Amino acid sequence: MKQPLVTDNTGLQREGRAHPVYVDQLAVDQATLSPGLRPSVHSFSNKQRNFASKTEKEAVQQLELDAREARAKYSGEVEVRRPGHPLFGEKVRVSQTHLIYDGTGLSPKLKEALLRAAPEYGVELHFYVP
Amino acid sequence: MVSNFTSMSPDEWNKSDSFHLDLFSHVRPLDQGFEALEPLLEVIESLSDDLRPDRIHHTRRELKYSRQALRKRLRESYIGTNTVIRLVRSQPPEAMISLNGWEYDSQPISTVKISIEPFAFLREPGQAERRAGQLVSFVRAIASCLPLTFGLGHSFTDVCLGTDPTVKDLSTPRPIYETFWLNVYGPAMVQALGRQRLLSTPAALMEELPHGAVLWLTRPTPADFDSEEARLAQARALVHLRPELSLDSTLSTLRQRSLEFSPVPMEFDPDVADILRMEADFQGVLGGKRSLVERFNRYHPPPVSEWLPASRAPAPDVDDVKATIDTYEGLYAEQLVALFHTEVPQVMKGTLEALPHLDWHLWHMGWGRRLSHEQRETLVPSLGAFLSRYLVEVLGGRWVPRKKLEEAAVVIGDRAWLPFLRARHALQNQEAPLDYSCSQLFRTAQRLARAHSH
């Protein structure tokens with residue numbers, strides 16, 4: 001992104017839902033906000049999961065559940081509900097849904113296995129190590 | 001006591017490894033409906049008993065596998081426009097087969113993947129050839145119903161240690177970065193390399209597949225992927241396909257990687273050996289186990305300093321000795337169990353192995369560094385009291401409660417141990433849970449108590 005604007009806990013309204021959902025972070029490339037351009041919008045869902053003693057298949061199952069949730073809530077067409085946000089009130093298509101795991105409890109092997117599986121489940125995966 | 005000198009088999013050393021077979025196609029079978037998937041399911045159903053999956057894993061509730069069940073729950077395969085099907089085994093070995101349809105660079109792509117854990121399954125004496133043969137037949141059968149663009153079968157750890165971006169970036173054709181035990185090149189790659197050049201690659205098996213793809217093996221089985229013979233075969237094949245590379249440097253890179261798979265004896269300080277071993281096993285070969293073990297072999301924690309001669313230990317200065325001990329045992333120690341019972345289930349049982357597991361967890365998760373002031377002030381009494389429990393209950397120690405927690409002691413023989421002071425030291429920085437482990441204090445106290453009673 002050229003000019004990223006990242007906002008926390010940003011309300012997103014999806015069609016057919018009664019209430020907005022709040023995405024952990026919404027990143028918008030302000031360089032793509034000019035008329036005629038398609039805004040680049042990325043959503044980030046942060047999850048803390050206990051991967052201790054999980055096997056590969058159990059870890060992938062967890063990834064799948066979190067990816068399903070993130071895709072259901074923070075992908076596709078959304079209306080930004082945060083007042084003051086440059087996209088406030090506008091309907092935009094989320095370009096990419098990201099999932100962020102706390103990486104401390106994940107073994108290098110599970111990290112690799114999950115990173116490689118994530119695109120198949122429709123998300124880009126990152127690890128946060130505090 | 002943990003055995004100090006351990007000689008280890010390569011399988012034991014690399015026990016977290018798995019075997020991965022990944023096949024890629026630009027055709028997404030489910031896009032043409034369930035019927036298009038059935039030939040692939042037939043291939044999976046005809047795997048032998050020791051590989052065939054029997055459970056559907058991607059559905060909301062895990063189900064017994066049948067084609068009908070899968071068809072009935074087809075809706076649950078969709079995540080947006082992606083489709084996932086994951087079949088697993090309920091019996092060892094762990095095997096996971098996925099048939100996924102997704103997008104790469106806005107292009108449709110599908111994958112057929114098998115992962116088998118542990119890798120040792122493919123090394124089992126007397127079975128290695130048959131199992132390798134079965135995987136090769138699987139690839140043949142899949143290739144006859146799905147046009148393949150690329151594929152590989154290899155030790156997952158070795159793939160990850162390599163530098164091949166192909167498995168992450170699937171646009172073809174592209175230079176070949178690595179060769180694996182099993183290799184599938186689709187028509188675009190075959191054309192880019194030249195079919196004749198490819199077919200004359202030194203290989204254990206070279207076979208043309210339907211839809212213009214080529215399947216080839218560097219070795220008869222994946223079992224010896226890190227051996228000198230296998231590395232030579234991988235290097236020779238790679239240099240044949242990319243003549244600008246030098247055999248010597250290709251081979252030396254691969255040999256270097258093989259070193260990671262050869263066990264280094266663990267000669268850890270016995271007072272913290274199990275903590276270090278948990279960390280080495282957690283990191284595994286992919287996490288640089290070899291250099292970790294070499295570093296841990298040189299590591300010795302500082303001698304335990306949190307004690308006084310019993311004769312110099314101050315007398316209790318609290319108003320109610322019994323009530324204070326009840327607070328230590330009933331409140332503080334229980335608080336620790338409440339805090340850690342999920343992540344360190346051993347603390348629930350109160351067995352001796354709980355101490356090293358707790359030490360490792362505190363160290364590994366960076367608790368010495370991550371705590372806020374309030375969290376630290378809560379955890380110090382809990383950890384100190386939890387350690388004290390072992391000194392009192394296992395070693396027969398006697399409580400000496402004090403108003404100032406760090407002065408509170410447990411007297412065993414001629415020493416007064418200061419568990420709360422130890423806990424404070426253990427939580428002062430990143431490495432402190434190891435340098436000031438509960439395990440080391442307990443083991444030191446245990447040795448001295450034994451010596452004292454003789």
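Predicted model: local features only at pLDDT ≥ 70, side-chain atom pairs only at ≥ 80, totals over all residues.
How do the residues that line the second largest cavity divide into nonpolar, polar and charged?

Residues are numbered from 1 along each chain as its sequence is written, chains are lettered from A and ligands numbered from 1 in the order in which they are written, and side-chain values use heavy atoms, with hydrogens and water left out.

Let me turn to empty space. Rolling a probe the size of a water molecule over the atoms shows where such space is left. On a 1 Å grid over the protein atoms alone, a cavity is a set of points where a 1.4 Å probe fits but cannot get out, while a pocket is an open set with protein on both sides within 12 Å along at least five of seven lines; lining residues have an atom within 4 Å of a point. Points are joined across faces, edges and corners, and a volume is the space filled by probe spheres set on them.

By this rule there are seven cavities of 30 Å³ or more. The second largest cavity has a volume of about 80 Å³. It is lined by 13 residues, and B:Pro29, B:Leu37, B:Leu99, B:Asn100 and B:Gly101 are the closest to its centre. The lining of the second largest cavity consists of seven nonpolar, five polar and one charged. Here Ala, Val, Leu, Ile, Met, Phe, Trp, Tyr, Cys and Pro count as nonpolar, Asp, Glu, Lys and Arg as charged, and the others, Gly among them, as polar.

The largest cavity has a volume of about 190 Å³. Among its 18 lining residues, A:Ala117, B:His20, B:Met96, B:Ser98 and B:Lys113 are the closest to the centre. By class, the lining of the largest cavity has eight nonpolar, four polar and six charged residues.

The largest pocket has a volume of about 1200 Å³. Its lining has 44 residues, and the closest to its centre are A:Phe51, A:Ala52, A:Ser53, A:Gly105 and B:Phe282. That lining divides into 15 nonpolar, 18 polar and 11 charged.

The second largest pocket holds about 860 Å³ of space. Of its 30 lining residues, A:Gln96, A:Pro119, A:Gly122, A:Val123 and B:Glu103 lie nearest the centre. The residues of this lining divide into 11 nonpolar, nine polar and 10 charged.
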